[in-house]
Amino acid sequence: MDAPRQDAWKDEEDLLLATTVLKHIREGKTQLEAFQEVAEQLHRTPAACGFRWNATVRKEYQKEIQEAKNSRKATRTIYSSSKSSDDAPMSLDAAISFLKEMRSKQFEDYGKENLETQLKKLNEDNEKLREELKQWEAAWNEMDKLVHWVREKRKSESGV
């Protein structure tokens, strides 16, 4: 890039700066982006453009700045991810409602998925416990047989 300019600003440069900044405001972009764009065109630094805007030019465009902000608010739109880009844009309020609905649905789905996961784990645990119970019952039956055998053995030895 060329060395920064230090000469005076011309009226057409001020106009370019103003129209670019106003365009960026309407489009919801930052003024810094506008300063960078103008700086490239005028071979000045973004800082010089920002200084010129804030120190001089902005004062002359208060009404236009407010109109640009109002225009941005009026035309701000969000496209639903479920619609194609050819569909009409959704209003900001509708988009907020849509996002709230999606968030609650996501939590519902997460809750259902979480419950299904928990149910599956509980079923697996239940099956393991049934197997363990079968082993304990088998061991108990063996112990019962052993106790009966010992009693019978004692009876037969004592002659009763």
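This is a predicted model: local features need pLDDT of at least 70, side-chain atom pairs count only at pLDDT 80 or more; totals for chains, interfaces and linings use all residues.
Local features were taken only at pLDDT of at least 70 and side-chain atom pairs only at pLDDT 80 or more, whereas totals for chains, interfaces and linings use all residues. Residues are numbered from 1 along each chain as its sequence is written, and side-chain values use heavy atoms, with hydrogens and water left out.

The secondary structure consists of five helices and zero strands, in the order α-α-α-α-α along the sequence. Helices (H or I, at least four residues) and strands (E, at least two) are DSSP runs numbered from the N terminus. Of the 160 residues of the protein, 17% are buried; buried means under 20% relative accessible area, exposed over 50% and partly exposed in between, with a 1.4 Å probe and protein chains only. The accessible surface, computed by the Shrake-Rupley method with a 1.4 Å probe, is about 12,900 Å², and 54% of it belongs to carbon and sulfur atoms. Among contacts (heavy atoms within 4.5 Å) with a separation of 6 or more, 49% join residues 24 or more positions apart.

Helix α1 covers residues 11-26, 16 residues in total. From first to last C-alpha it reaches 22 Å, close to the 22 Å expected, where the expected span is 1.5 Å times one less than the number of residues. Buried residues in α1 include Leu17, Val21 and Ile25. Just after α1, Gly28 has a positive phi of about 80 degrees.

The largest nonpolar core has 17 residues, of which Leu17, Val21, Cys49, Trp53 and Tyr61 touch the most other members. Two or more residues each are given to this core by α1, α2 (31-42), α3 (46-60) and α4 (62-75). Such a core is a set of buried Ala, Val, Leu, Ile, Met, Phe, Trp, Tyr and Cys residues joined through side-chain atoms within 4.5 Å. Leaving aside residues up to four places away in sequence, Cys49 touches Trp9, Leu17, Phe35, Val38, Ala39 and Arg44.

The charged end of Arg44 sits over the ring of Trp9, 4.2 Å from its centre; this requires NZ of Lys or CZ of Arg within 6 Å of the ring centre and within 35 degrees of the ring normal. His43 lies in the loop between α2 and α3. His43 is not a glycine, yet has a positive phi of about 55 degrees. The relative accessible area of His43 is 39%, so His43 is partly exposed.
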